[in-house]
Each structure stands twice: as C-alpha cells, then as structure tokens.
Amino acid sequence: MSPAAERVPDSAPPLAITMGDPSGVGPEIIALAMENEALRRRCMVIGNHKRLAVGARKAGSPTRYRPISDIERAGSLEPDVPLLEVADVPTGLPFGRLNPAAGEAAYQCLIHSIDLAIEGKVSGIVTTPLNKESLHQAGHPYPGHTEILAERTGARDYVMMLAAGSMRALHVTTHIPVSQISRNISLERVLRVTHLGNDALIKMGIARPRLAVAGLNPHAGEGGIFGDEETNILIPAVRTAAEEGLDIVGPIPPDVVFLRMHRGHYDAVITMYHDQGHIPLKLLGFESGVNVTLGLPIIRTSVDHGTAFDIAGKGLADPSSLIEAIRLAARLTGRDIT
C-alpha cells in the first residue's frame with residue numbers, strides 16, 4: 001500500500017465491522033475485504049489490533065490498521081483501515097479452537113458496535129462470525145448474534161432475512177426446535193415478517209416487491225390432508241397482506257417455490273422455519289449469502305457462514321460473503337457503494 005493520505009471524509013458515519021471470534025476466519029476475511037478501496041473508505045473495524053494484523057498476515061493481505069480514538073477521523077486515514085480497539089485477545093491464541101477468551105472478545109466487539117449504532121456514531125454494523133460454544137464458555141448463553149442484538153436494542157419482534165443475489169428468504173421462525181415450529185406460527189407473525197420484508201426490499205431498490213409464502217407442510221397442506229396451518233393461518237395471512245396492497249401469493253408448496261424464485265418469479269419467499277429457507281439459498285449462493293436482521297432500530301448485516309475453524313488461520317478464507325454484507329448494509333443506509 002502507498003503511504004497514508006488525507007482525503008475528504010464521507011458525510012455519513014462509517015459502517016462498523018466487528019472482528020467476530022478471533023480464533024475463526026473473521027480477521028482474515030476482514031483484511032481481504034478491506035483491500036477494496038471503495039469498501040475500505042466507508043468502514044471502520046472494531047476489534048483487537050494485534051489479532052487483526054495477524055489475520056492479515058495469515059491471509060497474505062497488505063491491509064494495515066490504524067487505531068483511532070475519535071470516530072469522526074475514520075474517514076481520513078486512507079489507505080489504512082481505522083480501528084477502534086475494544087477486545088483483549090491473548091497473545092498466541094490458536095486459530096481453529098474453542099476458547100472462552102475468544103468468545104468474550106467477540107461479545108465485547110458486538111456490544112460496542114451495537115451501542116455505537118444506537119448512538120448514531122456508526123451508520124450500521126456488519127458482523128463477522130462468532131462461535132456459539134466459545135460464547136457460552138465465556139458466560140454469554142445466547143443462541144447467536146441476533147438474540148444479543150435484539151436484547152441490547154430492545155427489539156421485541158425481529159426477522160431474519162437471508163439474501164443471495166436475487167434470492168431472499170424471510171424467516172417466520174428461526175432458532176427453535178423443529179417440534180416447536182407449528183406453535184410459533186401465527187397470522188400476526190406471518191404478516192409482520194411480510195411487511196418488514198417488503199419494506200426492506202423497497203429500501204434495496206425494488207419498487208414493487210413480489211412475495212411468495214411457502215407452505216409449512218408437504219404440498220402446502222393439500223387442502224388440510226397433511227396439516228391445517230395453511231388453511232387456518234397462511235391463506236388468511238396472504239389474503240390480508242394482499243388486501244393491504246402487497247404483491248403476494250401463496251402458500252406455495254415448499255418444494256417448488258424456491259425454484260420459481262430462482263427463475264425470477266419472486267423477489268423473496270416467506271419461509272416457515274430456519275432450514276426451509278437456509279438450505280436452498282445456501283445451495284445456490286453459499287459464497288455470496290448475507291444475513292440481515294430486520295425489525296431492529298439499527299442496520300445490521302452479517303456474513304452467512306460460521307467461524308470455519310477447519311480453515312481458520314490457513315489463508316484459505318473467502319471474503320465474498322463479507323463484501324456482499326458490507327455492500328448491502330450501505331444500500332440499506334441509502335448510500336450504495338459503487
């Protein structure tokens with residue numbers, strides 16, 4: 001990289017990228033993503049300077065970080081990446097292994113980024129992966145990022161959207177056992193997910209989103225033969241949403257609705273549970289998948305993969321999902337990265 005040069009900073013606050021679990025691929029994919037000048041000048045990183053520098057070396061990346069104390073200076077450090085030092089990481093922490101110190105570091109980075117977003121000091125946050133077991137070992141028994149975000153921001157009703165290219169899945173339920181899915185689906189919840197998804201797609205530049213609702217049961221219930229959730233909940237929800245002005249159809253059998261979206265008939269599918277949406281989108285767009293949390297008072301996107309302990313620290317990590325997550329977060333702020 002060339003020597004650091006002052007430039008005119010962007011008028012909007014930067015996007016904050018969290019380091020994630022320092023034993024995972026987070027430090028590597030951040031370094032690789034920050035090689036892109038357009039992304040770099042819109043972002044700052046929250047984490048541990050030494051660990052992020054190690055990650056850059058492991059990835060073979062020339063990315064350099066410069067610690068800051070004043071976020072308003074984040075836009076003036078080009079080509080270095082502004083870094084807010086937050087987490088303690090033990091020297092020599094091994095990559096690819098569970099460690100409570102790593103879980104604590106990931107937690108502190110996330111909490112700090114959420115608070116900055118609530119205060120308006122950053123325009124949104126982009127999270128790299130944490131490891132749930134390490135998080136639990138550190139004394140934070142959350143299922144994942146989303147639940148921490150909801151608790152910290154006071155959000156009561158949030159929605160996971162998985163996006164991969166032109167395909168998007170909105171989840172009515174997420175991290176619950178399969179045995180509890182049916183009892184957690186209601187007309188009100190389906191409508192909430194539908195409206196949040198419709199609003200998000202409009203912010204993403206789709207003027208009139210085309211939505212489809214996936215059935216819960218095989219053949220979308222087959223008129224009640226294979227279950228009554230479609231008859232009692234999903235059909236009334238679709239009818240109500242259509243009366244409210246949304247472009248929506250369904251319920252459509254889950255074994256065909258994603259193919260239709262893939263062929264361009266829909267912009268998003270309302271799915272009933274975690275794997276119903278995750279499996280097809282990860283199959284068709286694993287490298288470019290992005291996780292978005294809707295219903296929060298802040299903007300949050302994330303990579304759609306885990307800490308990848310099997311390749312962490314080996315220079316094999318792919319930053320594609322993080323790059324797409326940064327671009328989508330910028331789009332949701334109303335300021336695309338070109």
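**Figure 1. Helix α7 in the predicted model, residues 187-203.** In this predicted model, helix α7 is built from 17 residues, and the distance from its first C-alpha to its last is 25 Å, close to the 24 Å expected at 1.5 Å a residue. Several of its residues are buried, among them Arg189, Val190, Leu191 and Val193. Further along the helix, Thr194, Leu196, Gly197, Asn198, Ala200 and Leu201 are buried as well. Just after α7 comes Gly205, whose phi is positive, at about 105°.

**Figure 2. Leu246 in the loop between α8 and β9.** The loop that holds Leu246 runs between helix α8, residues 229-243, and strand β9, residues 247-252. Leu246 has a relative accessible area of 10%; this is under the 20% cut-off, so Leu246 counts as buried. Apart from its neighbours within four places in sequence, Leu246 is in contact with Thr194, His195 and Asn198, and also with Arg208, Leu211 and Ala241. Leu246 and Thr194 stand 52 residues apart in sequence, while their C-alpha atoms are 8.8 Å apart in space.

**Figure 3. Thr146 in helix α6.** Helix α6 covers residues 145-153 and includes Thr146. With a relative accessible area of 9%, Thr146 is buried. When neighbours within four places in sequence are left aside, the residues in contact with Thr146 are Tyr158, Thr293 and Arg300.

**Figure 4. The protein chain as the setting for the close-up views.** The protein chain contains 11 helices and 12 strands. Its radius of gyration is 20 Å, close to the 20 Å that the globule rule gives for 338 residues, so the chain is as compact as a globular protein of that length. The C-alpha trace spans about 65 × 40 × 35 Å along its principal axes. Of the 338 residues in the protein chain, 55% are buried. Counting contacts between residues at least 6 apart in sequence, 74% join residues at least 24 apart.

**Figure 5. Surface and charged side chains of the protein chain.** The accessible surface of the protein chain amounts to about 14,200 Å², and carbon and sulfur atoms account for 50% of that surface. The protein chain carries 32 positive and 37 negative side chains. The centres of these two sets lie 5 Å apart.

Terms used. Residues numbered from 1 in each chain as written. Predicted model: local features only at pLDDT ≥ 70, side-chain atom pairs only at ≥ 80, totals over all residues. Heavy atoms only, no water. Helix = DSSP H or I, 4+ residues; strand = E, 2+ residues; numbered from the N terminus. Expected span 1.5 Å × (residues − 1). Buried < 20%, exposed > 50% of the residue type's maximum accessible area, 1.4 Å probe, protein only. Rg over C-alpha atoms; globule rule 2.2 N^0.38 Å. Contact = heavy atoms within 4.5 Å. Areas by Shrake-Rupley, 256 points an atom, 1.4 Å probe, with all protein chains shown as cover. Lys, Arg positive; Asp, Glu negative; His and termini not counted. Charge placed at Lys NZ, Arg CZ, Asp CG, Glu CD.
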